[in-house]
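Grab a pencil and work through these exercises with the structure open beside you. Try each task yourself before you read the solution.

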Amino acid sequence: MILELDAGNSRVKWRIVDAAGVSVMSGTVSPVAALETLALPAQPITRVRLSCVAGAANEQAIVEWARHRLDAEPEIARTQLEYNGLQIAYQDPQRLGVDRWLAMLAAKHVTTAPVCVIDCGSAVTVDLVAAGGRHLGGYIVPGMRLQRSALLRDTGQVQMTEAASEEAIAWGRSTEEAVNHGINRMMLGLVESVLAELADSMPDVEIYFTGGDAATMMQHIKSDLPCREHPELVLDGLALALP
């Protein structure tokens with residue numbers, strides 16, 4: 001059995017696959033220390049694949065956990081300048097988050113068309129890859145929860161005292177709604193502007209959404225471009241990067 005780990009800034013997404021690559025178990029934990037509570041199958045874990053953007057300390061903590069709990073040395077994915085037909089736009093590949101790289105690898109593996117990968121996590125990242133595999137660049141902006149916490153931290157008059165929907169975009173009728181709905185609408189504006197541009201310049205592009213807030217984003221998208229949610233895109237890329 002193979003344990004695959006995608007360690008992001010707010011959670012660790014994991015799944016266990018068999019020798020044929022079929023997922024048999026999956027889930028999320030937060031924070032990294034919660035890996036200690038992970039209920040593992042009776043079959044031995046023979047390999048551990050790891051993608052980590054949560055910093056060197058968390059990466060090392062996961063490595064130590066795998067060594068002591070599983071008696072396994074994790075294989076750690078690192079961004080490559082060119083791999084499996086994907087050529088990234090960055091001159092220094094280590095400046096491109098490995099999660100973005102893996103998501104692009106996975107998206108390009110399932111289609112020959114151009115792809116736009118939109119990862120809605122702690123940060124919202126958007127990456128565009130041409131049909132031939134050339135990465136054309138991307139965007140990074142704070143995600144929904146990060147924007148909310150920054151607004152509440154750095155303003156004196158904006159205070160959240162009641163629960164409010166974190167998914168709607170209607171005009172807010174309370175401070176809570178105004179903050180949550182406004183952030184959603186701002187994120188939606190970024191994504192829809194990208195999709196509108198691509199509809200004109202690259203109409204054969206395929207759109208892949210992933211990340212914890214992908215479903216929230218997708219329910220408001222109005223585009224004729226083919227959009228699909230792929231929750232395990234980074235993990236699928238991990239299997240490609242470390243076959």
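**Exercise 1. Is helix H2 largely enclosed by the rest of the structure or left open, and why?**

Before we start: this is a predicted model.

Step 1. Find the helix. H2 covers residues 98–109. Its 12 residues reach 16 Å from the first C-alpha to the last, close to the 16 Å expected at 1.5 Å a residue.

Step 2. Check burial, where buried means under 20% relative accessible area. The buried residues of H2 include Val98, Trp101, Leu102, Met104 and Lys108.

Step 3. Conclude. Because 11 of the 12 residues of H2 are buried, the helix is largely enclosed by the rest of the structure.

**Exercise 2. Work out how Arg100 and His135 are placed.**

Step 1. Locate them. Arg100 sits in H2, while His135 belongs to strand E10, residues 135–142.

Step 2. Classify them. Arg100 counts as buried because its relative accessibility is 6%. His135 has 2%, so it counts as buried too.

Step 3. List the neighbours, leaving out residues up to four places away in sequence. Arg100 touches Tyr90, Thr125, Asp127, His135, Gly138 and Ile140.

Step 4. Look for a polar contact. The side chain of His135 makes one with the side chain of Asp127, at 2.9 Å.

**Exercise 3. Describe the open sheet of 5 strands.**

Step 1. Write down the order. The strands run E10-E9-E8-E11-E12, and the pairing is mixed.

Step 2. Find the edges. E10 and E12 (227–229) each have a single partner strand, so one side of each is left without a neighbour in the sheet.

Step 3. Ignoring direction, neighbouring strands are turned by 15° against each other on average.

Step 4. Zoom in on one pair. E8 and E9 are antiparallel, with 6 bridges. Val115 stands opposite Val129 in E9.

**Exercise 4. How many residues lie between E2 and E3 in their hairpin?**

Step 1. Check the pairing. E2 (residues 12–17) and E3 (residues 23–29) pair in the antiparallel sense over 6 bridges. Val17 has Ser23 in E3 as its bridge partner.

Step 2. Look at the turn. There are 5 residues between the strands, and Gly21 in the turn has a positive phi of about 85°.

**Exercise 5. Is Gly172 buried, partly exposed or exposed?**

Step 1. Gly172 lies in the loop between H3 (144–154) and H4.

Step 2. Classify it. Gly172 counts as partly exposed because its relative accessibility is 37%.

Step 3. Compare distances. Gly172 and Val17 are 155 residues apart in sequence and 44 Å apart in space, C-alpha to C-alpha.

Note on methods
Residues numbered from 1 in each chain as written. Predicted model: local features only at pLDDT ≥ 70, side-chain atom pairs only at ≥ 80, totals over all residues. Heavy atoms only, no water. Helix = DSSP H or I, 4+ residues; strand = E, 2+ residues; numbered from the N terminus. Buried < 20%, exposed > 50% of the residue type's maximum accessible area, 1.4 Å probe, protein only. Polar contact = N/O pair within 3.5 Å; in protein donor to acceptor, adjacent residues only side chain to side chain. Contact = heavy atoms within 4.5 Å. Pairing = 2+ DSSP bridges. Expected span 1.5 Å × (residues − 1). Axes fitted to C-alpha atoms, helices over the stretch in contact; angles between N-to-C directions.
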